[in-house]
Amino acid sequence: MLWVIGSVVIVALIGLYAVATYNGLVGKRNQVKNAWSQIDVQLVRRHDLIPNLVNAVQGMMEHEKSVLESVTRARQDAIAAGDNVAQRSLAEAELTRATHALFARAEAYPTLRTNENVQALQEELATTENKIAFARQFYNDAVQRYNTAREVFPASLVAGGFAPAELFAADDATSRAVPEVKLA
């Protein structure tokens with residue numbers, strides 16, 4: 001009789017562990033989804049600011065049409081990437097490069113450097129970029145916790161239905177390159 005009670009207790013403990021592990025993975029997966037939505041909010045904010053910036057500089061940068069078109073195209077590609085983390089990471093990195101190129105070209109136009117509307121948009125975009133960086137860090141931390149929780153043993157025995165989450169990271173060499181500074 002004692003053997004049966006011991007077996008039932010062991011099976012109950014294993015069942016409780018499986019339920020607790022499963023519920024923990026669900027919670028971590030939901031944290032990843034929440035973190036992604038925080039990134040998405042900031043990216044949408046940036047996407048909304050880009051047309052205002054392009055419109056503000058368009059009249060003064062008539063000879064820089066290719067730069068303005070590349071910013072617009074990069075914005076459209078970023079929006080089209082949707083919730084695919086890998087594609088979105090690449091598209092957003094391209095949008096960042098295009099926006100930085102626009103700011104670099106705008107420096108050659110004194111009227112743009114002193115235009116209050118352009119300065120306000122640049123400041124707003126810089127603030128948004130900082131928020132994106134914080135949200136990306138929060139998301140990547142949540143992904144790391146979730147992926148670790150689903151891969152460790154014995155939780156991996158329960159985690160069969162939980163797909164790994166992808167990090168939101170810069171994958172290309174140009175975004176990792178150190179900018180060259182010339183002082184001459």
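Is Tyr139 buried or exposed? Tyr139 is buried, with a relative accessible area of 3% (buried means under 20%, exposed over 50%, partly exposed in between, using a 1.4 Å probe and protein chains only). The model is predicted, so local features need pLDDT of at least 70 and side-chain atom pairs pLDDT 80 or more, while totals for chains, interfaces and linings use all residues. Residues are numbered from 1 along each chain as its sequence is written, and side-chain values use heavy atoms, with hydrogens and water left out.

Tyr139 sits in helix H5 (residues 116–151); helices here are DSSP runs (H or I) of at least four residues, numbered from the N terminus. Leaving aside neighbours within four places in sequence, its contacts (heavy atoms within 4.5 Å) include Trp36, Ile39 and Val85.

Now to the salt bridges, where a side-chain nitrogen of Lys or Arg is within 4 Å of a carboxyl oxygen of Asp or Glu. The count comes to 7 salt bridges, including these:

| Pair | N to O distance |
|---|---|
| Arg88 and Asp40 | 2.9 Å |
| Arg46 and Glu129 | 2.6 Å |
| Arg97 and Glu94 | 2.7 Å |

Arg88 lies in helix H3 and Asp40 in helix H1, so this pair ties together parts 48 residues apart in sequence. Arg88 counts as buried at 3% relative accessibility, whereas Asp40 is partly exposed at 23%. Arg46, in helix H1, and Glu129, in helix H5, are 83 residues apart. Arg46 is buried at 1%, and Glu129 is partly exposed at 22%.

Terms used: Helices (H or I, at least four residues) and strands (E, at least two) are DSSP runs, numbered from the N terminus.
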